[in-house]
Amino acid sequence: MGEITMYRKSKDKYFIIMLLLIGSIGMLLPFFWMVSTSFKPANEIFNIPPTFIPKKPTIQNYVQLFREMNFGIYLKNTLIIALFSMLGLVINALAGYAFAKFQFPGKEKIFYLVLATMMIPGQVTMIPVYLMLNKMGLTNTMPGIILPGLASAFGIFLFRQFMATIPSELIEAARIDGASEFRIFLQIILPESKPVFAVQGTFTFIGAWNSFLWPLIIANDENLYTLSVGLALLKGQHGSDFGLQMAGSTFLVIPIIIVFLFLQRYFVEGITITGIK
Amino acid sequence: MKNIIRWINKYKYPYLFIMPAVSLLLVFTIIPIFVALIISLTNIDLSGLADWSNIQFIGLRNYINLFKDSAFKKSIFNTVYYVVIGVPLVIIFSMFIAILLDYGKNIIFKILRLFYYMPSITNSIAVAIVWGWLYNTNYGLFNYLLSLVGLPGQQWLSNPILAKLSLILLALWKAIGANMIIFLAALQGIPKVYYEAADIDGANKWQKLIKIKIPLLSHATFFVAVTTTIGWLQFFEEPFVMTGGGPLNSTLSMALYIYQNGFQLGYFGYSAAGSFVLFLMIITVTLMQFKFKKNNVEY
């Protein structure tokens, strides 16, 4: 009896693995086709039947990305945005800390106001923010791209939830020892909050790496384009050069997958946290 | 005076700490809502941007014109279509895959989980371009695969009916990963005693699935339904890159309509009015979430 159920269980398991494997072909096929096409020379791309592995692999498409398409500049801009988004993380952490560990008049009301901003879709604020930045002369500038995205209500919320679990005695003891409030934040709160920083840092970096709509609106000058905006431009200019398009796409997708492979744990944690709220 | 100084000293740190983030949110999220409401009642466009004296208060005319515009009505129809077809598909697929992935814990299942998760972190623009190539009528991989099984090639992105479904398929592929993780977390939270009790009662695996797993996933299902609905309501990058809203506005989403009118045509006031209609739809869904949250399944 026991053996039969064991046998049945492992038979089920193989069936499920087979099913999942078939499905994952569908999930991975676009990635495979993207990478494969990106290494094909122009004449091989339009072969029928198509070659799955490039017969004469070439890196010409990638060279063209950087020689003719300014992908170097787009990369630099994207990394600048990513860097400043990390500063945004610290700003959110500071606010989260105050909401978690201090008592002050109006605290509840301000916190609810912060939470309420999560319900506001980007489509509503993008037009007034554009007009405001235009009045301040910040359209088509890096600060104009970076500033509106620095603070995040959801980030503040997550920091607050986590920091509320840090023992208050730790903070009190440091205060008695005469540490300044800023020092307490830097030397006690930040190190204690490493896990939540890791989760949020990963997601913030990916968000910055993928940033598209706002830079598209604010940047008129190609020198301020991010990778995503540059890639959309490439698609418009080289509509039938699929090798070049796939090389550009690979360049945006593969680094994130590599980051993901190293930091997998934080991704799963991050999504689970958002799911539980 | 002394009291004020004492008050300031007592509270200056928390206020100092929240100031940067809260003032940024105030300037870039809260104030803009009111600005948007005001400009949606004006005729501000590119000439108004150059010289404010060109701006006139026109009451609700933008809203009236929106609902006279067949393209806007079409974009509402399409957006609702995306929600009605897209949301159930995302729920069914991510729940189904999560239940299968929950079956084992060994390395094979971990790798498979990784495969299903990968599309969800990738860049929307890049994957839209990759799928555009897969959908290519003459040289695309999909039409080649169809030809292998003797089927005729499809006009994936230029047939008005098929184009919407093609975009939904791509967005579904991308949405499975994150939602599947939410279902997996919920599945792992179901106490073992439930299955043990069912075993004693002689329940088979289908009964366990239908009577225990799926009902106890209702909280996660609801969360996925709400966030996915809000996501589909804001559907933008895929139609922007792949079809530009065409053919014949058949893939035009509300978010794309708002973007085109605001930033390509410069009708800021008109576009702000459109964004308020979208806002109203999103707020309705969000408030529904709060209302229904009270009747959760407890375990």
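Domain bounds here come from an automatic or database domain assignment. On that basis, chain A of this predicted model splits into domain 1 (2-58) and domain 2 (68-276). Taken over C-alpha atoms, the centres of domain 1 and domain 2 of chain A are 34 Å apart. Seven residues from domain 1 of chain A and seven residues from domain 2 of chain A make the contact. On the domain 1 side, α1 (2-38) and α2 (42-45) of chain A each contribute at least two residues. The largest share of that side comes from α1(A), with four residues. By class, the domain 1 side that touches domain 2 of chain A holds four nonpolar residues, two polar and one charged.

Confidence was examined next. For the complex, the predictor gives an ipTM of 0.88 and a pTM of 0.90. The average pLDDT of chain B is 90. In chain B, 98% of the residues score at least 70.

The interface between the chains brings 71 residues of chain B into contact with 68 residues of chain A. Helix α1 (residues 2-39) of chain B supplies the largest share of the chain B side, 19 residues. The side of chain B that touches chain A comprises 60 nonpolar residues, ten polar and one charged.

The largest nonpolar core contains 148 residues. Those with the most contacts inside this core are A:Leu94, A:Ala95 and A:Tyr97 from chain A, together with B:Ala21, B:Val130 and B:Phe183 from chain B. Helix α8 (residues 160-188) of chain B gives the most to the core, 14 residues. Both domain 1 (2-58) and domain 2 (68-276) of chain A also give residues to the core, so the core lies between these domains. In soluble globular proteins, nonpolar side chains tend to be buried together.

Neighbours within four places in sequence were left aside.

In chain A, helix α8 (residues 153-163) is mostly covered. Eight of the eleven residues of this helix are buried, a class that requires 20 or more other C-beta atoms within 10 Å of a residue's own. The buried residues of α8(A) are A:Ala153, A:Gly155, A:Ile156, A:Leu158, A:Phe159, A:Arg160, A:Phe162 and A:Met163. A:Arg160 counts as charged, yet is buried in α8(A).

Conventions
Residues are numbered from 1 along each chain as its sequence is written. Chains are lettered from A and ligands numbered from 1 in the order in which they are written. This is a predicted model: local features need pLDDT of at least 70, side-chain atom pairs count only at pLDDT 80 or more; totals for chains, interfaces and linings use all residues. Two residues are in contact if their C-beta atoms, placed from the backbone, lie within 7 Å. A nonpolar core is a set of buried Ala, Val, Leu, Ile, Met, Phe, Trp, Tyr and Cys residues joined through C-beta atoms within 7 Å. A residue is buried if 20 or more other C-beta atoms lie within 10 Å of its own, exposed if 12 or fewer, and partly exposed in between; C-beta atoms are placed from the backbone. pLDDT is the predictor's confidence in each residue, from 0 to 100.
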